[in-house]
Amino acid sequence: MLTSTLGVRRAVTVSLTASAVLAGGLFAGQAHAATPAPSITAPGGFVMNNGTGTTLYGKAADTRRSTGSTTKIMTAKVVLAQRGLNLDAKVTVQKAYSDYIVAKNASSARLIVGDKVTVRQLLYGLMLPSGCDAAYALADKFGTGTTRDARIKSFIGKMNDEARKLGMRNTHFDSFDGISNGSNYSTPRDLTKLASSAMKDATFRTVVKTKSTSQKVTTKSGGYRYMSWTNTNKLLSTYSGAIGVKTGSGPQAKYCLVFAATRGSKTVIGAVLGAPSEANRAADVKKLLDYGFSR
């Protein structure tokens with residue numbers, strides 16, 4: 001009789017355990033299903049876990065699109081990769097830089113001809129107000145050649161060399177600032193890969209997470225003035241844990257953003273390209289970050 005009772009108890013225990021496993025699996029499946037992939041208005045998007053490189057979301061992630069000023073991530077990366085880089089080296093602002101801004105009706109760091117600004121300051125002017133004049137100055141400084149045109153061509157060549165090194169197979173640069181000459185393109189996946197690599201540099205991280213800055217520059221007469229720049233990346237003020245990276249916009253590019261945020265020990269990084277409006281871009285990025293942190 002005792003043996004029979006123990007057998008019944010074992011059978012009940014096994015049955016309960018099996019039920020618990022099945023229920024646990026069911027509930028786990030339901031919990032997983034409770035976080036569906038978001039729907040975004042942008043035609044292209046990509047998100048990954050920056051620590052593991054695991055893809056968390058993709059929408060037309062490898063479709064080539066115009067990138068706007070997100071191109072400037074590569075501009076900064078090429079500068080920061082220069083051997084023996086002196087961030088405090090001074091660059092004299094040339095008239096060609098301001099003429100370019102006027103001709104292209106481009107975003108500007110409002111650099112003043114004759115002022116002497118440091119490479120570090122040019123990086124702030126490049127990444128915060130998205131200064132195409134700062135981009136021009138950096139390309140002119142770090143390209144090689146005896147003429148300005150040759151130096152610019154050389155610098156853009158360095159951008160494409162770096163893209164190849166990073167395995168950005170669907171990327172090509174034809175400008176130093178994203179104002180395309182007809183063949184400046186990338187993809188959400190490639191730009192995320194670029195940003196992930198760029199964020200390994202401490203100077204880059206410091207610059208792109210800065211909301212605003214006031215920089216003391218030397219004037220042509222030897223005096224000084226302060227240049228104040230505010231970051232176009234509003235995500236830094238609207239999303240908890242945001243640490244960068246770069247906005248982009250334009251007639252072809254529409255509204256783009258390469259973004260990153262950290263919560264606890266997890267960093268989520270990604271990109272959206274071609275959102276129809278600034279508001280849509282902001283909503284898309286919030287959805288993607290929330291989803292990324294939920295995975």
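Which residues is Phe 204 in contact with, leaving aside its neighbours within four places in sequence? Select Phe 204 and you'll find Ile 73, Ala 76, Leu 80, Met 127, Ala 198, Met 199 and Val 245, where contact means heavy atoms within 4.5 Å.

Before moving on, some ground rules. This is a predicted model, in which local features need pLDDT of at least 70, side-chain atom pairs count only at pLDDT 80 or more, and totals for chains, interfaces and linings use all residues. Residues are numbered from 1 along each chain as its sequence is written, and side-chain values use heavy atoms, with hydrogens and water left out.

Now colour by pLDDT, the predictor's confidence in each residue, from 0 to 100. The chain average is 91, and 88% of the residues score at least 70. Residues 1-32 fall below 50, and this stretch has 1 contact in the model beyond near neighbours in sequence.

Phe 204 is one of four residues, with Met 127, Phe 176 and Val 245, that touch the most other members of the 62-residue largest nonpolar core. Such a core is a set of buried Ala, Val, Leu, Ile, Met, Phe, Trp, Tyr and Cys residues joined through side-chain atoms within 4.5 Å; buried means under 20% relative accessible area with a 1.4 Å probe, protein chains only. Helix H5 (residues 132-142) gives this core its largest share, 8 residues. Helices (H or I, at least four residues) and strands (E, at least two) are DSSP runs, numbered from the N terminus. A second, separate core has 20 residues, including Ile 40, Val 47, Leu 257 and Val 268.

Next, select helix H4, residues 119-127: 8 of its 9 residues are buried, so the rest of the structure largely encloses it. Met 127 is among those buried, as are Tyr 124 and Gly 125.

Then show the pockets. A pocket is an open set of points on a 1 Å grid over the protein atoms alone, where a 1.4 Å probe fits, with protein on both sides within 12 Å along at least five of seven lines; lining residues have an atom within 4 Å of a point. In the largest, 27 residues form the lining, and Gly 68, Ser 69, Gly 248, Ser 249 and Gly 250 lie nearest its centre. Strand E7 gives the most to that lining, 5 residues.

Finish at the second largest pocket, with 13 lining residues; Lys 234, Leu 235, Thr 238, Leu 257 and Ala 282 lie nearest its centre. Here H10 supplies the largest share of the lining, 5 residues.

Definitions and conventions. Buried < 20%, exposed > 50% of the residue type's maximum accessible area, 1.4 Å probe, protein only.
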